[in-house]
Amino acid sequence: MLNVQNYNEIREYLVGNAIVDEGSSCVIEFLRGGVSNTVLKIGTERESYVLKQALPRLNVKEDWFADVRRIITEKDCLKWLNHLVPGHVPQLIHEDEKNLIYIMEFISAPGTWKNHLLDGLLDFRVAEAVAKSLAAIHSLSANEPNIRDRFSNKEIFTQLRINPYYRHLKGKHPMLNRIIDDVSEQCLATSQCLVSGDFSPKNILVDGPRITLLDFEVAHFGDPSFDIGFLLNHLLLKSVKNKRYKESYLNMMVLVLEEYFRHTPNFSRKDLEESTIRQLALLFLARVDGKSPAEYITSEADRIWIRKFSYEVLESNIKTLHELSQLYEQKTRSVNQ
């Protein structure tokens, strides 16, 4: 397999595949922040590109292995998303399944939505664009048999989400085993639309109100409530980190959900929202006690609060975001009193 750590080997490969002209300058740099891939930026005299190759062991504290062929899933998903949400994903430039790599255009942007959210830059236009994009991906793929067939395998989703986020919790929170099993089984049994599996602010580039979506290696035809819960969870976590913006984060969560359902008229809101809340509560807990804890939740007091709140949401049988928001307000008020 191509050794992407070797500059000469990479350059020879790029020239051989007509991505870089022989004799022209080429700057190759490693991009930091990748947990599951080696990511390179390739700068030429004319264009810049991104090359990705999957890692067999993810860059996290605990042992976490996943099928490297997930890179093929990602590049195939990128192709489809250029049809479903054109202008919101990079163009695919080159694919090589033998070497488990692909190359896409490099999108220059001031930062990620995650960075903006952590810095308190809460642009509701961005939240609206994100919700509309997710709604388009889900609704437009729902009745597309070719997408269903291509992304029917949920093995990588199991390796990268069900096992490290949900099943890993069972050893630490045995009282939740039944709920964890129910939610896990629902995710694996549901095949409703194309699901990103990693619809996270860290994977959304922001340039003013314009957004670009990245990272689709966990893509599968599955349960839309996972994507919604995964996204809302990131907003909820940031409200714990930046307590002074708590109300704004909650209002943004409401906006995202309302915009999502406004653009998915054929989905049942009652059932999907109820499922989303259960996903959200478990994901909230998993970012403290799962294999991939949120690095910015550093206070033990915050971790304890997240655990208690997750339990209360699940045990109270909360079914709507409105009810969850009310409970959140109540619990944060009691802490401050």
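**Salt bridges and cores**

Mentor: The term means a side-chain nitrogen of Lys or Arg within 4 Å of a carboxyl oxygen of Asp or Glu. Asp181 sits in helix α7 (residues 177-189) and Lys170 in the loop between α6 (155-166) and α7, so the bridge ties together parts 11 residues apart in sequence. Helices (H or I, at least four residues) and strands (E, at least two) are DSSP runs, numbered from the N terminus.

Mentor: A caution: this is a predicted model, where local features need pLDDT of at least 70, side-chain atom pairs count only at pLDDT 80 or more, and totals for chains, interfaces and linings use all residues. Residues are numbered from 1 along each chain as its sequence is written, and side-chain values use heavy atoms, without hydrogens and water.

Trainee: Are Glu74 and Lys52 buried or exposed?
Mentor: Buried means under 20% relative accessible area, exposed over 50%, partly exposed in between (1.4 Å probe, protein chains only). Both Glu74 and Lys52 are buried. Their side chains meet in a salt bridge of 2.9 Å, N to O.

Trainee: How many salt bridges does the structure hold?
Mentor: It holds 25.

Trainee: Which residues touch the most other members of the largest nonpolar core?
Mentor: Such a core joins buried Ala, Val, Leu, Ile, Met, Phe, Trp, Tyr and Cys residues through side-chain atoms within 4.5 Å. Here the largest has 98 residues, and Leu81, Trp113, Tyr166, Leu194 and Phe309 touch the most other members. Helix α10 (residues 269-289) gives the largest share, 10 residues.
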